[in-house]
Amino acid sequence: MTGQRSDARRNYQRILAVAEAEVAAHGAEASQEQIARTAGVGSATVRRHFPTRRALLEAVFQERVEALCEDAHRLSAAGDGRTALLEWLHAFVRYAVSARGFASVLSYEPPTEEPSPNGCGGSIEAAGSPLLQRAIRDGAVAPHVTFHDLLTLATGIALATENHKDPATQADRLFRLAVEGLSPEHGTAGEPGNSHS
């Protein structure tokens, strides 16, 4: 029994490592059959560990999602609510641009669906919503703005720029434009860490 559990753990880690490489190369549409072949396991083994494509993609991005959540918790203690929200949201956009497939995973999570208990979107919303609520209480963001609005904006920027010749630069530009529209009285949204009056 112990040997079977060890084999299952090794298979899981091998599949996940191959999936990370395939998703980096091909995005959210990476072939599960190719992942199985490269990992040296059958398609049924991949499905046993990851019953859906969504489950596989969420596992691929889990570590970075946890880091984004930790960043949100760290920034919740920052002195300025607007700066904290923008610094975190900018980091989120940059990651969504750099990690092929990540924005696609998040775009599958409209607010009308029951969130997956371990889903990327649900974890990010739980961590980031307090930053938005604080910025709203501070009067720095309009009260009708929802976290799903911000998630849609960030994933939209990532999806719109992924085939651009310089996606990171274009995404930064669109992010600044979006933030100017959210709070024009503050001027251009700065880089993370900038202070605003």
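In this predicted model, Arg64 sits over the face of Tyr95, 5.1 Å from the ring centre (the criterion being CZ of Arg, or NZ of Lys, within 6 Å of the centre and within 35 degrees of the ring normal). Local features need pLDDT of at least 70 and side-chain atom pairs 80 or more, while totals for chains, interfaces and linings use all residues. Residues are numbered from 1 along each chain as its sequence is written, and side-chain values use heavy atoms, without hydrogens or water.

Tyr95 also belongs to one aromatic cluster with Phe61, Trp88, Phe92, Phe102 and Phe147. Rings of Phe, Tyr and Trp (its six-membered ring) pair when their centres lie within 6.5 Å, with planes under 30 degrees apart counted as stacked, over 60 as edge-to-face and the rest as tilted. The count by this rule is six aromatic pairs. For Phe61 and Phe102, the centres are 5.1 Å apart and the planes stand at 65°, so this pair is edge-to-face. Phe61 lies in helix H4 (residues 53-75) and Phe102 in helix H6 (residues 102-107), so the pair ties together parts 41 residues apart in sequence; helices are DSSP runs (H or I, at least four residues) numbered from the N terminus. Both Phe61 and Phe102 are buried (under 20% relative accessible area, 1.4 Å probe, protein chains only).

The axes of H5 (residues 81-98) and H7 (residues 120-137) come within 7 Å and cross at roughly 145°, with axes fitted to C-alpha atoms over the stretch in contact and angles running from 0 to 180 degrees between N-to-C directions.

How values were computed
Helix = DSSP H or I, 4+ residues; strand = E, 2+ residues; numbered from the N terminus. Buried < 20%, exposed > 50% of the residue type's maximum accessible area, 1.4 Å probe, protein only.
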